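Please keep the sequence and the model in view while reading.

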Amino acid sequence: MPNICVSKRSVLTLAVIAACVALLPAVVEAHGVSGKDAVYLQGLDGRAIIPLMYLGAKHMVTGYDHLLFLVGVIFFLYRVKDVVQYVTLFTIGHSLTLLAGVLGGIRANPFLIDAIIGFSVVYKAFENMGGFKTVFGIEPNTRIAVLVFGLFHGFGLATKLQEFALTPKDLVANIVSFNVGVEIGQGLSLAAILIGLTYWRSRSGFLRHAFATNAMVMACGFLLIGYQLSGYFLTVP
């Protein structure tokens with residue numbers, strides 16, 4: 001009988017992927033605007049700067065798809081200047097499409113947009129694993145990719161708000177407030193992620209486990225794609 005050796009890292013990887021599979025449907029549903037927040041938005045009449053800033057921050061902090069992408073973006077960024085540059089590109093992208101989607105009435109199927117967002121997670125994890133250079137022999141322009149995917153992430157945020165018949169009264173001020181809240185939530189989340197990454201990088205096992213970690217991030221991205229495409233094909237008449 002052959003000897004089968006299963007490392008602790010392999011067991012952990014499988015456990016995380018299994019947890020993602022089990023929890024994904026509930027988490028995906030939770031990422032939308034629901035419950036009291038939905039009731040509040042539906043009954044909104046007039047300017048509500050602080051509440052919408054709170055909702056924007058809350059949406060980003062609980063936005064697992066946005067955060068997974070940002071983890072991939074900053075995973076190998078060691079200089080603060082580089083982190084600021086890439087996050088700024090992402091911010092420009094998602095701010096443009098969030099505002100254009102809601103204020104300009106530009107619409108798209110939310111399942112397809114969220115599937116592309118899931119693909120952005122796969123893309124960045126694959127790049128971090130050296131996949132493009134190894135498989136295709138190319139080095140993609142990461143800055144352009146972050147900006148372009150930022151546009152889709154912002155559109156994803158817009159589709160969540162487009163589910164509600166928002167009153168046109170003070171709509172610009174309210175959506176700008178929501179976007180500011182998104183940036184606040186993003187800043188808080190990034191700070192926590194950077195603290196965790198900085199500590200991990202100081203440990204000897206960081207580079208040794210970097211590939212497996214990005215493989216898990218990629219697996220979660222594929223699960224997001226599959227879930228969203230399933231929703232698309234099940235809802236298309």
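Is the crossing of helix 4 and helix 5 left-handed or right-handed? The section on this helix pair gives the answer.

## Overall architecture

The model is predicted. Of the 237 residues in the protein, 45% are buried.

Contacts between residues at least 6 apart in sequence were also examined: 86% of them join residues at least 24 apart. The protein exposes about 12,500 Å², and carbon and sulfur atoms supply 71% of this area.

## Helix 4 and helix 5

Helix 4 comprises residues 64–74 and helix 5 comprises residues 80–103. Their axes come within 10 Å and cross at roughly 145 degrees. The crossing of helix 4 and helix 5 is right-handed.

On the side of helix 4, Phe69, Leu70, Val73 and Ile74 take part in the contact, and they meet Val83, Tyr86, Val87 and Phe90 of helix 5. The residues of this contact divide into eight nonpolar, no polar and no charged.

In soluble globular proteins, nonpolar side chains tend to be buried together. The largest nonpolar core of this protein has 26 residues, of which Phe69, Val73, Ile74, Leu77, Val146 and Leu197 touch the most other members. At least two residues of this core come from each of helix 4, helix 5, helix 6 (110–128), helix 8, helix 9 and helix 10 (206–235). Helix 10 gives the largest share, five residues.

Ile74 illustrates these contacts. Leaving aside residues up to four places away in sequence, Ile74 touches Val83, Val87, Leu190, Ile193, Leu194, Leu197 and Arg201.

## Two loop residues

Ala48 is located in the loop between helix 2 (35–42) and helix 3 (49–61). Ala48 counts as buried because its relative accessibility is 8%, which is under the cut-off of 20%. The C-alpha atom of Ala48 is separated by 8.2 Å from that of Ser177, although these residues are 129 residues apart along the chain.

Asp170 belongs to the loop between helix 8 (142–162) and helix 9 (171–201). With a relative accessible area of 28%, Asp170 is partly exposed, because this value lies between the limits of 20% and 50%. The phi angle of Asp170 is near 60 degrees, a positive value in a residue other than glycine.

Technical notes. Residues numbered from 1 in each chain as written. Predicted model: local features only at pLDDT ≥ 70, side-chain atom pairs only at ≥ 80, totals over all residues. Heavy atoms only, no water. Buried < 20%, exposed > 50% of the residue type's maximum accessible area, 1.4 Å probe, protein only. Contact = heavy atoms within 4.5 Å. Areas by Shrake-Rupley, 256 points an atom, 1.4 Å probe, with all protein chains shown as cover. Axes fitted to C-alpha atoms, helices over the stretch in contact; angles between N-to-C directions. Helix = DSSP H or I, 4+ residues; strand = E, 2+ residues; numbered from the N terminus. Left-handed = near helix turned anticlockwise from the far one by under 90°. Nonpolar A, V, L, I, M, F, W, Y, C, P; charged D, E, K, R; others polar. Core = buried A, V, L, I, M, F, W, Y, C linked by side-chain atoms within 4.5 Å.
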